[in-house]
Structure formats: structure tokens, C-alpha cells
Amino acid sequence: MFGNHLYHRLVKKYVAYFGTLFNNIEVRRYDSDSKIIGRLRVPISYASKDYYRQRLVSDPELARKASQMLPRMGFMMSTMSYDMSRKINPLHKFVSNVGGQIRAMGSSIPYDFSFELHVWCKNQEDGQQIIEQIVPYFHPDFTASLKLVDKMDLSLDVPVVLDSVTNEDTYENSPDGTRTIIWTLQFTMKGHFFPEVEESPRGIVKHVDVHLAADTDTSAGFNSNIEIKPSPTSATQFDPYTITTEQNFFNTAMHFNPVTCVPQLEPFEG
């Protein structure tokens with residue numbers, strides 16, 4: 001219905017980007033003299049909070065205590081919503097030169113992606129260590145440049161905004177009485193969707209000729225024109241160039257020749 005197959009793997013890239021932000025969190029154990037006696041890399045996976053809650057309480061033989069499974073983190077993308085505030089002119093296009101081939105793509109469509117990061121701990125200090133390794137980097141956003149469309153070699157800044165941090169300390173549904181502390185962090189990622197890539201886009205406008213006439217009857221010809229061209233005319237959008245503007249006045253009404261782009265006395269007969 002809408003055209004050719006389109007898949008830039010954007011949602012997959014956004015999810016991977018978000019998870020990568022938190023894949024190097026570490027919890028350290030200290031003795032009474034504040035010396036490090038142990039280190040624990042906190043695992044993270046893509047899963048909902050309900051999944052972890054069920055996993056902690058569904059061991060019927062109690063062979064694996066919650067304290068042996070924590071701390072750990074999980075995250076999930078919950079919603080996507082159109083962001084009207086970041087809308088740009090739909091006539092805008094991205095143009096790139098990939099291996100000598102000019103490619104074009106329509107304007108981006110801004111979407112906000114809501115993510116939830118949940119941190120599961122058995123004691124307060126573990127959770128506090130993890131939170132203090134995350135919050136200082138968001139004020140209130142963290143921005144990285146992502147290569148979003150491979151065919152265009154296009155990279156854009158994608159901010160991730162920390163919206164809220166909440167804490168839950170509960171003994172509910174814990175068959176062995178183990179204390180479980182849950183930190184929940186809500187994030188909004190300012191992402192984009194993109195249309196399909198034009199492998200051979202239409203030519204670039206290099207010559208603008210505006211005709212000015214004293215009479216509303218266009219068949220009578222024009223008395224002056226304004227020509228706008230790049231200099232040098234051989235430049236592409238990736239080369240350095242300047243724009244030149246030239247206005248010409250004619251004593252006799254002239255007619256435009258769309259083939260040669262040169263004014264002529266007689267009307268053009270194609």
C-alpha cells in the first residue's frame with residue numbers, strides 16, 4: 001500500500017543504544033576500613049519488571065535465594081509517541097555522498113521513546129551505588145551521536161532524558177523473607193524515523209532564472225530577469241561554492257528558451 005519495503009533497524013538500534021549506557025555498572029564491597037574487598041559487575045537484560053518479580057518468587061524449592069541473584073538490572077521500551085515540537089519542514093531532504101554515489105532521503109519524523117530501567121537489590125547500599133553511577137550523567141539528558149541510516153552514512157544526536165527516579169522497598173511475595181529493593185528510572189529518548197533512501201535522486205537545481213515583465217500577459221515577453229547560479233557551476237553540494245546573483249535589463253521584450261536557457265527575441269516554439 002505504501003510502497004517498497006522499508007527497514008532501517010531503527011527501533012533495534014535505539015534499544016541497543018539504551019542498554020549499552022548501563023552495561024558497565026559495578027557494585028563494590030567494603031570492609032570496616034572502607035577498603036575494597038569485592039567487586040560485582042551488575043548484569044543487565046531486556047525484560048519487564050513483572051518478569052523479574054516473577055523470577056524472584058517462582059522458585060518452589062527455594063534452591064536459589066534472591067540474595068544470590070541480586071543485584072541486577074533490567075530495562076524495556078514501553079511506548080512511542082510523535083513529538084510535534086521537533087517537527088521539521090517535510091520538504092527538507094538529507095543528501096549524502098557514499099562512495100561517490102549521491103543518495104537522498106526525506107525529512108525525519110520525530111518520535112519519543114519511553115524506557116524504564118529497573119534496578120533490583122537486596123540492600124540499600126547496593127542500590128545507592130548503582131544510582132550514583134547513573135544519575136550524574138543526566139542533567140537532565142545524555143546525548144550521543146548515532147549512525148542511524150547506514151545507506152546514507154547519516155549520524156544524528158539522540159538525547160536520552162532522565163524523567164524520574166523512584167524507590168520501592170518491599171517484602172511482599174518473598175517466600176524466604178528476603179528483602180527486595182527496587183529502583184525504577186523513567187527515561188525518554190528523542191529519536192527519529194526515516195523514509196526510504198533514493199539511490200538515484202533527481203538532479204540538483206543549479207540555475208534559477210526569474211523573469212520580470214511590465215505586462216501581466218506573459219506572451220508579450222519580459223523586460224528583465226534575475227539569474228542565480230553557483231560558482232563554480234561544476235560544484236556539487238559537497239564542494240565549496242558561492243552563490244552569484246545577476247540582474248539583466250532588456251530594451252526589447254525577450255522570451256525564454258527552456259532548451260538553451262538563453263533569452264531570445266522570438267517566442268519559443270518547442
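I began with Tyr-241, which I found in the loop between strand E13 (222-231) and strand E14 (242-256); helices (H or I, at least four residues) and strands (E, at least two) are DSSP runs, numbered from the N terminus. The model is a predicted one, in which local features need pLDDT of at least 70 and side-chain atom pairs count only at pLDDT 80 or more, while totals for chains, interfaces and linings use all residues. Residues are numbered from 1 along each chain as its sequence is written, and side-chain values use heavy atoms, with hydrogens and water left out.

**Surface patch**

I noted Tyr-241 as partly exposed, at a relative accessible area of 41%, where buried means under 20%, exposed over 50% and partly exposed in between (1.4 Å probe, protein chains only). Together with Val-205, Val-208, Val-210, Leu-212, Ile-228 and Ile-243, Tyr-241 makes a nonpolar surface patch of about 580 Å². Such patches take residues with over 30% relative accessible area and no salt bridge, joining nonpolar side chains (Val, Leu, Ile, Met, Phe, Trp, Tyr) within 5 Å and like charges within 9 Å; a salt bridge is a side-chain nitrogen of Lys or Arg within 4 Å of a carboxyl oxygen of Asp or Glu. Strand E12 (residues 208-212) gives the most to this patch, with three residues.

**Open sheet**

I then traced an open sheet of six strands, which runs in the order E3-E4-E7-E10-E9-E8 with mixed pairing; two strands pair if DSSP finds at least two bridges between them. Its edge strands, each pairing on one side only, are E3 and strand E8 (141-149). E3 pairs with E4 in the parallel sense over three bridges, and I found Met-73 in E4 as the bridge partner of Ile-44.

**Aromatic pairs**

I looked up the aromatic pairs, of which the structure holds 15; rings of Phe, Tyr and Trp (its six-membered ring) pair if their centres lie within 6.5 Å, and planes under 30 degrees apart count as stacked, over 60 as edge-to-face and the rest as tilted. Tyr-46 and Phe-75 form an edge-to-face pair, 5.2 Å centre to centre with 80° between the planes. Because Tyr-46 lies in strand E3 (residues 44-46) and Phe-75 in strand E4 (residues 72-82), this pair ties together parts that are 29 residues apart in sequence. Tyr-46 is partly exposed at 43%, whereas Phe-75 is buried at 6%. I also recorded Tyr-82 and Tyr-111 as an edge-to-face pair, 5.7 Å centre to centre with 75° between the planes. Ring pairs also link a cluster whose members include Tyr-46, Phe-75, Phe-115 and Phe-187.

Note on methods
Accessible areas come from the Shrake-Rupley method with a 1.4 Å probe; for residues, only the protein chains shown count as cover.
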